Every structure is written in C-alpha cells, then in structure tokens.
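These are my notebook entries from a first look through one structure. I put down what I looked up, in the order in which I looked.

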Amino acid sequence: MPMIRSMLENSSGMTPDIHVNPDEEVARGAAIFARHLLSKKGIGDTLPNLNITDVNAHSLGIEGINQKTQRKENVILIPRNTPLPKEIRRKFVTRAFNQQSVDVKLLEGESKMPEHCTSLASAAIRHLPPGLDKGTKIEVCYCYETNGRLSVRARVPGVGKEAKIELERMQGLSDETVNKW
C-alpha cells in the first residue's frame, strides 16, 4: 500500500523494497517484533534457539481430470506450509485411446477448481505414438527448492517423450538487508 510505504520511508529514512514476497515480509516483520518484545522483557541477551524453516505459502498442483466426474480439478501435489525443499512424484494416465498429446498445467492455490487458482505455466508432451492405450501412465515430478526454483517434469515411460517446466520464484530480502533493518 502506498501509504504504508510512505510511512515506513518517513520513519526509517530508507526506501522500502517493494519487490519482495509479501508473505516473507510479514514473517520477517513478526520475527523482528518478537525479538523486540523479548528484549523488553530482559530476554534479549539469552534469546532462545530458533529454527527457521522455509515453507511454501500456497499449494502447488497441476490441472487433472477426475476419472469419476470427468471434470477438471486442481490436483495438489505440494500442500501449502510444506517444508522446503520438497520433491514429489505422482502418476497420472491418458484419457483416451490414441491420445496424441498431454497438457501439463501448473497451478497455485487451495481450490479444487482450476479456474479459482493461479496458473503458473504450462507445457505439453506432443507427438505421442499412434495407438497408445487409454490409461497409459504419465509420471509427473514436482520439485520445489528453498532458493525458489520450481521445476516440473512430466514423461510417458517407454515412449521417450517428456515435458519440462522451470520457474524461478521471486525471492525475499537478503540477509544483509534484514540485518540493516
């Protein structure tokens, strides 16, 4: 919010960085305030041993088709608040006999309905061999690193076809900037 930015700049004399992850800003602000409260109680010199764990703020998944309802849904592979790094593998299947391609759509959000989630990226495995059986397995590997790199690989085993997606998620404040504040 522009008003908050202005207030922070006026009170600190520093221009706030608006390119950082808002979730991380809130968490770091809460940690700084907690340290302040502890020091007011005289616990500042003997701070407890704290362990910081990176987690993902929102669930990550792919768009899939529910085999019972035949409706699209967000298949969550990495639920929100999962400690990072995290790698998960899941198997899906083709929907039809002689299917020529498979679309892989990455989603971020908690809803089961893809249209209520944020679409991150998409890729396709194209030119599948003719006569491929309905229900042919598709392996999906979702990997989310602590550095913000999200990579997804989908492949059809035995066919040699694969799709890869790599995203670099926005990073938060550097340790140097946090120490400066």
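Is Gln 70 buried, partly exposed or exposed? I found that Gln 70 counts as partly exposed, at 46% relative accessibility, where buried means under 20% relative accessible area, exposed means over 50%, and partly exposed lies in between, with a 1.4 Å probe and protein chains only.

Before going on, I noted that this is a predicted model, in which local features need pLDDT of at least 70 and side-chain atom pairs count only at pLDDT 80 or more, while totals for chains, interfaces and linings use all residues. Residues are numbered from 1 along each chain as its sequence is written, and side-chain values use heavy atoms, with hydrogens and water left out.

Entry on the whole chain. I looked up the elements and found 3 helices and 8 strands, taken as DSSP runs numbered from the N terminus (helices are H or I, at least four residues; strands are E, at least two). From the N terminus on, their order is α-α-β-β-β-β-β-β-β-β-α. Of the 181 residues, 26% count as buried. The accessible surface comes to about 12400 Å², with 51% of it belonging to carbon and sulfur atoms; such areas come from the Shrake-Rupley method with a 1.4 Å probe, and for residues only the protein chains shown count as cover. I also looked at contacts (heavy atoms within 4.5 Å), and among those between residues at least 6 apart in sequence, 59% join residues at least 24 apart.

Entry on backbone details. Gln 70 lies in the loop between β1 and β2, and its phi is near 60°, a positive value in a residue other than glycine. Asn 98, in the loop between β3 and β4, also is not a glycine and has a positive phi of about 65°; at 33% relative accessibility it counts as partly exposed. A cis peptide bond, with omega about 5°, joins Leu 84 and Pro 85, and Pro 85 lies in the loop between β2 (72-78) and β3.

Entry on Gln 99. I placed this residue in the loop between β3 (86-93) and β4 (102-108), and with a relative accessible area of 18% Gln 99 is buried.

Entry on β4. Why is β4 largely enclosed by the rest of the structure? I noted that 5 of its 7 residues are buried, so the strand is largely enclosed. Strand β1 (residues 60-65) pairs with β4 in the antiparallel sense over 3 bridges, pairing being counted if DSSP finds at least two bridges between two strands. In that pairing, Leu 60 stands opposite Glu 108 in β4. Strand β5 (residues 118-125) also runs antiparallel to β4, joined by 7 bridges, and the bridge partner of Asp 103 is Ala 124 in β5.

Entry on salt bridges. A salt bridge here is a side-chain nitrogen of Lys or Arg within 4 Å of a carboxyl oxygen of Asp or Glu, and by this rule I have 8 of them. One of them joins the side chains of Arg 155 and Glu 139 at 3.0 Å, N to O, and this pair links distant parts of the chain, with Arg 155 in strand β7 (residues 149-156) and Glu 139 in strand β6 (residues 137-144), 16 residues apart. Arg 155 is partly exposed at 32% relative accessible area, and Glu 139 is partly exposed at 24%. The side chains of Glu 166 and Arg 149 meet at 2.6 Å, N to O, and this pair, too, links distant parts of the chain, 17 residues apart, with Glu 166 in strand β8 (residues 161-168) and Arg 149 in strand β7. Glu 166 counts as exposed at 55% relative accessibility, whereas Arg 149 counts as partly exposed at 33%.
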